[in-house]
Structure formats: C-alpha cells, structure tokens
Amino acid sequence: MRPIWIIAKKELQSFFDSLIAYIMIVLFLGFSGFFTWLYGSDVFLVGQANLNGFFSIAFWTLFFFIPAITMRTLAEERKTGTIELLLTKAVTDRQVILGKFLASLLLVVIALAFTLPYYITLASIGSVDHGAILTGYLGLIFLSAAYISIGLFTSSLTGNQIVAFLLALFIGLFFHLIFDVLAGNFTGFTGQLFTTLSLTSHFDSMSRGVLDSKDIIYFLSIIVIGVFLSELNLAKRNLAN
Amino acid sequence: MDIKIENLTKNYGPQVAVDDISFEVKAGEILGFLGPNGAGKTTTMKMITNYIAIDHGDILLGGKSILNEGDTLRRHIGYLPEHNPLYHDMPVIDYLKFSAALQGVNKSEITDRIKEMVKICGLNAEKHKKIGELSKGYRQRVGLAQAMIHNPDVLILDEPTSGLDPNQIVEIRKLIREIGKEKTVILSTHILPEVEATCDRILIINKGRIVADGTAETLKKQAHGQELIITTIGEGNPVDIKNALLELSAVASVTNIDTNRFEIQSKPDKHSAREVFQLCVGKGWVITELTPTQTKLEDIFRNLTTN
C-alpha cells in the first residue's frame, strides 16, 4: 500500500506544480458555477432547491477535463523514459497504475470539494433532499473514476499526450453519448444492451438519488477493466518472446 | 551480493539482442561492460534490473533468481538508465525523497540518506533547484544519487559519466571506485580509458555475444603476446633495411608504416630492440626512433568488434 500512496502523493504534487490542477479547478468551478447560478436553467429559474443543474453541467465538464488530467500520467513517463526508472524501483506495475489513478481521482475530488458551498447555499435557501445530493456527488466521483481509468488506459498506449487525450475522449464518447443514442434507436435486447452500456443512464439514476447496486457494479467494472488494461500495457514490455 | 548470469538470451522479434551470454560478477568487483552500439549492453542491463523480461536463461542476485523474486530483489539494485531520465519539474530534494521512499527506506532514515547523497554527489549548491534547471553534469549526479539512495548491494550504471566535464568525470570515477569496494558494480561506457581507470574487470560484447573477459592487463596480453616496436631508420634503402630486419632471429614480422618507418613484431618472449640496434651499428644506419609500443585497449576493442 505504501508505494501506491507515495506515487499518488508525488503525482498530485506534480499536478499542482505544473499548474494543471489550478487551471482544471478554476475552469471547472467557473463553468459549473456560471451555469448553476447565473445562466440558462439555473437554480433561480427552475426554482427548486436541488443541484440537478450542477450535476448535469459537471457531467459534461468532467468528461472533457479528465482526459486532460490523465493524458500525461503514463504517456509523458514513457516519452521521457522515466517510466524505466519508476518501474525498476521496488514497486509493481499495478502499484504504479493505482498510484496514478488515485492521484487523478484525488484531484477531481478536490475540485468537487470546492463546490460544497453550492450545497451549503442551497440548504440555506430551501429544503434540500440531502440524500439525492449525496448520491449525486457519489455519481460524479464514480463517473470520474471510470473516465480516469479510460484515460489511464489510453495514456498507457502511447508516448504522445495529444493522442492519449483524443483517444480517451473518443472512447469516452461512446459511454457518454453514443450508447445512449443507440439505445433510443433499438428496441428489445439490443436496446436493453445499449442502455446497460450507456454511462448516462447509470449516472442519471444516481443523480436522481437512486443508489442501485447495478450502477455501482457498472462503474466498478469500467474502472477495473481500465486499470487492468493499463497494467497489461505496462507489463507488455516484460513479455518473453 | 554476487551477480550470476546464466545463458541469458533476448530477442527483439527476429533480431537477437543478447545471445546466450554467461558471466559472474563478485561482490566488491567493478565490471566494465564494453561493446559497440547495439551490442546488447543496455538490453542486458535492463534484464538485470528486471525492466524487461528474459527470453531464456536466468539471472541470479545473491543466489536468488530474478525470475522468481524479481519484485523483492529490485530493492537491492540501484540503477542509472541510459540517457538518465528524470522528472524535470521536481526539485532535487523532493525527487531524492520520492526515490528513497519508493525503495523502502525507513521514514526516519530518509533525511540522513539524502544528506549523505547530497554530500557524496556534490549536489549541495544545487539541491533546492528543480531538476530541469540543472546542467547536464548535475543531472547526472542526481541520477547517481537516486541510484544509490537506498544503499543497494548492486549498482547498474549505464554510461555514468556521459555529459560530465573532465573534473566531474574524475570525481565520479573516484566515487564509483569507492562504492565498488563493497558493492557489486556493472557499468557500461564507450570511453575506453575510463574502463582502465575504474574497472577491475572488462567484458566486451559484440552482437550479443561475449568476445572478451578479463582485466585490462590480461586482455592486452591475449591480444598481443609479442612485443611491438616502432623504429625509424635513416640513410639506407628501405627494402634492404626491411629484409635485414626480417633476418634477425628475434623478429617475427616487419611492416612499413612510412618509407623509413617500420613496425617490428618480436617473436613470443623475445626482445628485438638490442638486435635491431646492433644491426644498424653494423650497417652504419642511423636510428632516429626506437619506441616500444603498448597495445591499446582501443585496438583490442576494434579487433574484437569489427568483424
């Protein structure tokens, strides 16, 4: 466990050192705050004391921001060769991946923590469904974790950060939008399959306050598969012919 | 901790990078790993450090196979990879702290170890800078410091002195010699005088195979068992001189370097200088040069690796 935490700490530090963290937090808060409180179907227009507006904005902003966070994690190490130094230390490939996963997730959690004043404000101006907000935040964290594992995987494929970023967006787009659209176009088993695959449907139910084991299993499987494939990619160098 | 390499083989697709090599390095020994580009030095080092897998054969560190206990053995290895990759946006001290923690150095000892490494590697003036702001030589020192931070039994250094200025090279060599007294060190380099200055033993590999193994002295003896003299003899017909030289009892062969300049190889265990001198005195020729030459490591290296 200790190596995972050491790597996570170092990665988190480098997010802040390289300004990525600040830019990400400022942009995220700017976008979500603007659309939650000031513009469009904001809280005052809807007139309900819930954070649904915020959750659906965060749903999109995180989709774009997370690949930008994860793109460098492994691609840069591969390009500069530091991956060799890291993997010849007393750590396993899995610990490296999990450390980087944890660091990215912590950064997202920090960004989300800055939106807690939204909740406090809301609670003071109306009666809030605390459970729904809790599951909504949980949904955002699960969604982030899923996209982080996809981003880690694409970052492990290449030494080029831009490729990693675009590839993560491309794969993410399927879960984010395309499966959902396809689900609407098919009926029966195929339609059901696409609904199950679509991240949107799982996130929606969580942000409405429904905590279903199905959704949690869905998110966990994306996370596990993404992390596992990244680890496999790292281990590929290590395959005997 | 001894290193024992048994029938090590590695292929990259159809290309054989390392071809069935075996050797041993004892604790307290510094092994210089020589070879032309692409000979398989770096590949071998990457296999010892457990970065890439072994196709065939085995590597034993202190009697334990890295195939079975690779993850625990890494803790005993300090590694400076080729090109010395480092995190450029990390401050030196933070990076050393990170390396130490990852290598399992106890929290209470980390600060002491870092202090010691900063002192040994001469990083004191630069320790608060980011690695990216350092000159190449200082980066190399950071690379060495991170390799030694956990006091490993085995040090694998891939071209440790590249990019250093002559003063630093001398210091780093001294440092490696110092470390090599107790630890097992393998270092690769292109700089041949460096091997002679630093290493107890030399291993030359070419096209994935070992072509020479021994101390600098034994290699030189093997390469040329015979004495070699260069001489310039004036005031005589070069052809006559050459023929006369060839008739001497101690001379094995004579080659023209210049019109009147010859390279004379003596027969095994014989010395020809005296005979050459007496010949010239007898014939009235004037010797303007008579130099015994030593075979250089460069020549041995070239001989072994260019065919």
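1. A word on terms before we start: a helix axis here is a line fitted to C-alpha atoms over the stretch in contact, and crossing angles run from 0 to 180 degrees between N-to-C directions. With that in hand, please keep in mind as you look around that this is a predicted model.

2. Let's begin where the two chains meet. The crossing of α1(A) past α3(B) is left-handed.

3. By class, the contact of α1(A) with α3(B) has five nonpolar residues, no polar ones and one charged.

4. Now step back to the whole contact between the chains. Chain B contributes 24 residues to it and chain A contributes 22. On the side of chain B that touches chain A, α3(B) supplies the largest share, with four residues. That side of chain B is made up of 12 nonpolar, seven polar and five charged residues.

5. Helix α1(A) also has a partner within its own chain. Its axis and that of helix α6 of chain A (residues 93-113) come within 7 Å, crossing at roughly 45°. That angle makes α1(A) oblique to α6(A), and the crossing of these two helices is right-handed.

6. Which residues make the contact between α1(A) and α6(A)? From α1(A) come Pro3(A), Ile4(A), Ile7(A), Ala8(A), Glu11(A), Leu12(A) and Phe15(A). The α6(A) side includes Val96(A), Leu98(A), Gly99(A), Leu102(A), Ala103(A) and Leu106(A). Sorted by class, the contact of α1(A) with α6(A) holds 12 nonpolar, two polar and two charged residues.

7. The axes of α9(A) (residues 161-185) and α10(A) (residues 188-197) come within 8 Å and cross at roughly 155°. The two helices are therefore roughly antiparallel to each other, and α9(A) passes α10(A) in a left-handed crossing. Phe179(A), Leu182(A) and Ala183(A) of α9(A) make this contact with Gly191(A), Phe194(A), Thr195(A) and Leu197(A) of α10(A). The residues involved are five nonpolar, two polar and no charged.

8. On to the interior. In soluble globular proteins, nonpolar side chains tend to be buried together. In this model, the largest nonpolar core has 134 residues, and those touching the most other members are Leu62(A), Leu143(A), Ala146(A), Ala145(B), Ile156(B) and Val185(B). Helix α4 of chain A (residues 52-80) gives the most to this core, with 13 residues. There is also a second, separate core of 10 residues, and among them are Ile229(B), Val251(B), Phe262(B) and Val276(B).

9. Setting aside neighbours within four places in sequence, Leu62(A) is in contact with Val108(A), Leu140(A), Leu143(A), Ser144(A) and Tyr147(A). Of these partners, Leu143(A) is itself one of the residues that touch the most other core members.

10. Two backbone spots in chain B deserve a friendly flag. His83(B) has a positive phi of about 65° although it is not a glycine; you will find His83(B) in the loop between β6 (77-80) and α3 of chain B. Asn151(B), also not a glycine, has a positive phi of about 50° and lies in the loop between α5 (136-148) and β7 (154-158) of chain B.

11. Last, a look at Glu196(B), in helix α7 of chain B (residues 192-198). With 17 C-beta neighbours inside 10 Å, Glu196(B) counts as partly exposed. Beyond neighbours within four places in sequence, Glu196(B) is in contact with Ala216(B) and Leu297(B). Asn106(B) lies 90 residues from Glu196(B) along the chain, and their C-alpha atoms are separated by 37 Å.

How values were computed
Residues numbered from 1 in each chain as written. Chains lettered and ligands numbered in written order. Predicted model: local features only at pLDDT ≥ 70, side-chain atom pairs only at ≥ 80, totals over all residues. Parallel < 35°, antiparallel > 145°, perpendicular 65-115°, else oblique. Left-handed = near helix turned anticlockwise from the far one by under 90°. Contact = placed C-beta atoms within 7 Å. Nonpolar A, V, L, I, M, F, W, Y, C, P; charged D, E, K, R; others polar. Core = buried A, V, L, I, M, F, W, Y, C linked by C-beta atoms within 7 Å. Buried ≥ 20, exposed ≤ 12 C-beta atoms within 10 Å, placed from the backbone.
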